[in-house]
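I opened the notebook to go through this model piece by piece.

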Amino acid sequence: MQMDVEKVFHVNEGIGVFSYAKNSSLQKKTSDVVKHITTATVQQLFQTTTPKRVGIADLGCGSGPNSLSIIRDIVETVEGSSRNNLNPAPPEFQVYLNDLPTNDFNSIFKALPEFYREFRKERTGCGSPIFIGAYAGSFYGRLFPNNCLHFVHSSYSLHWLSRVPPGLFDEQGKSINQGNIYISKSSPPQVSRAYFKQFQEDFNAFLCSRSEEVVGGGRMVLILLGRGGQDHVDRGNSFFWELLSRSLAELVSKGEFEKEKLDYHLHFYAPSRDEIEDEVRKEGSFAVDRFEMFEIERYVNDGHSYETAIMENRVEEEMVKKEGSLGVDQVEMSETEIREDKDCLSYGRDVAMTVRATQESMICHHFGERILDDLFEIYGRIVDEEVAKEEIRPITFAVVLRKL
């Protein structure tokens, strides 16, 4: 069964226990880990001159605190570059926050007064004028006027496709990937081809749209989930979806819903490095300046379940210092950095809360709200059982593109 992703998909609203705002710490942690890439890219962009007005876009901004934190970092870096260039006046900033129309933009709007107060408090004199607006729509199409953007940031958004690939359904509208929500070992070859085709279509549309909006020499920093090799099925991002499929199957076995309802499919794709670079090359408007691949490690202390240190402790940027490296940087923390609160969530529970915050709208639309608590309780348990056997190593890419 197909659904309109643009009308249904959104991260969980508000600041409740299952909200994206409360369950996006992993995304924030990754942004912190790659902060040096973002700031270095901004510094390079404005190393010789700073325009009077700087256009910045955050695509797929979500509804939590992460977006404004990222904007603050970018603005402060531009201001530093401007001072180094001995510019007589600081630039103006036009900030475009983008997500789908279903996004909870109100949470961001409510945070803006405090953001502006802190922003002005930290600056003497007139400071840099900053204007922030929200722009609803899919980033797989045009969003902004021509040549208005100098810097584009997108974190954990581009692995979400514009739609569930239509190639997953036969002429009668029945799923060819029954029982799986993503590419798995039991999926027929047409499934991975359908996902790859949709990724090609979407990423090309993204690049074409940004090519009109980004000025010559402008930069984009894109952070997204990926895979380390050509095999679509690995013990990384795809494995987390395999475990969610198992969780749904367990609910079927308990009679929570009929097996025929297991025609739910993700609008997700974890591309390889080659697939991303090939699409950039084919579209032709951007060059790849930098491509990093990294993992954030899970930690077990004395055999106990994972605790939320990886989400709550500060990871020093020096841990990821392989400038221009194409290898895997493993971000590590000592046991002393892992907090000892006995009430901490398990790793599986943390994963379940993160996935629920992003997928609840789609799952609820397909299966109904009734299964949510049981589903994610089962999912958290299965994740913990699997990591006790062998690590799960999801890959994240950080890609810097320069407008030609």
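Which side chain meets that of Glu 292 in a salt bridge? I looked it up and found Arg 290, at 3.2 Å, N to O. For a salt bridge I required a side-chain nitrogen of Lys or Arg within 4 Å of a carboxyl oxygen of Asp or Glu.

**Ground rules.** I am working with a predicted model, where local features need pLDDT of at least 70, side-chain atom pairs count only at pLDDT 80 or more, and totals for chains, interfaces and linings use all residues. Residues are numbered from 1 along each chain as its sequence is written, and side-chain values use heavy atoms, with hydrogens and water left out.

Entry: I checked accessibility for the Glu 292 pair. I call a residue buried under 20% relative accessible area, exposed over 50%, and partly exposed in between (1.4 Å probe, protein chains only). Glu 292 is buried at 2%. Arg 290 is buried too, at 9%.

I then searched the whole structure and got 25 salt bridges. One of them joins Glu 390 to Arg 235, at 3.9 Å, N to O. That pair links distant parts of the chain, 155 residues apart. Glu 390 sits in the loop between helix 11 (372-389) and strand 8 (395-403). Arg 235 sits in the loop between strand 5 (214-226) and helix 7 (237-253). I took helices (H or I, at least four residues) and strands (E, at least two) as DSSP runs, numbered from the N terminus. Glu 390 is partly exposed, with a relative accessible area of 49%.

Next I looked at Asp 289 and Arg 402. Their closest N and O atoms are 3.0 Å apart, in a salt bridge. Asp 289 lies in strand 6 (residues 286-296) and Arg 402 in strand 8, so the pair ties together parts 113 residues apart in sequence. Asp 289 is partly exposed at 32%. Arg 402 is partly exposed at 29%.

**Entry: rings.** I counted 22 aromatic pairs in the whole structure. My rule: rings of Phe, Tyr and Trp (its six-membered ring) pair if their centres lie within 6.5 Å; planes under 30 degrees apart are stacked, over 60 edge-to-face, the rest tilted. Phe 9 and Trp 160 have ring centres 5.4 Å apart and planes at 50°, so I logged the pair as tilted. The two are 151 residues apart. Phe 9 is in the loop between helix 1 (5-8) and helix 2 (25-33). Trp 160 is in the loop between strand 4 (149-155) and helix 6 (189-213). Both Phe 9 and Trp 160 are buried.

Tyr 96 and Tyr 135 also make a tilted pair, 5.0 Å centre to centre with 50° between the planes. Tyr 96 is in strand 2 and Tyr 135 in strand 3, 39 residues apart. Is Tyr 96 buried or exposed? I read 8% relative accessible area, so Tyr 96 is buried. Tyr 135 is partly exposed at 30%.

I also noted one aromatic cluster: Phe 139, Tyr 140, Phe 196, Phe 199, Phe 203, Phe 206 and Tyr 269. The charged end of Arg 210 sits over the ring of Phe 206, 5.1 Å from its centre. For that I required NZ of Lys or CZ of Arg within 6 Å of the ring centre and within 35 degrees of the ring normal. Arg 273 sits likewise over the ring of Phe 291, its charged end 5.7 Å from the centre.

**Entry: strands.** I counted two strands as paired if DSSP finds at least two bridges between them. Strand 1 (residues 53-59) runs parallel to strand 2, with seven bridges. Arg 53 has Glu 92 as its bridge partner in strand 2. Strand 2 also pairs in the parallel sense with strand 3 (residues 130-136), over seven bridges. There, Val 95 stands opposite Ile 132. Why is strand 2 (residues 92-99) largely enclosed by the rest of the structure? Because six of its eight residues are buried.

**Entry: core.** The largest nonpolar core has 110 residues. I defined a core as buried Ala, Val, Leu, Ile, Met, Phe, Trp, Tyr and Cys residues joined through side-chain atoms within 4.5 Å. Ile 130, Tyr 182, Phe 206 and Tyr 379 have the most contacts inside it. Leaving aside neighbours within four places in sequence, I found Ile 130 in contact (heavy atoms within 4.5 Å) with residues including Val 95, Phe 115 and Phe 119.
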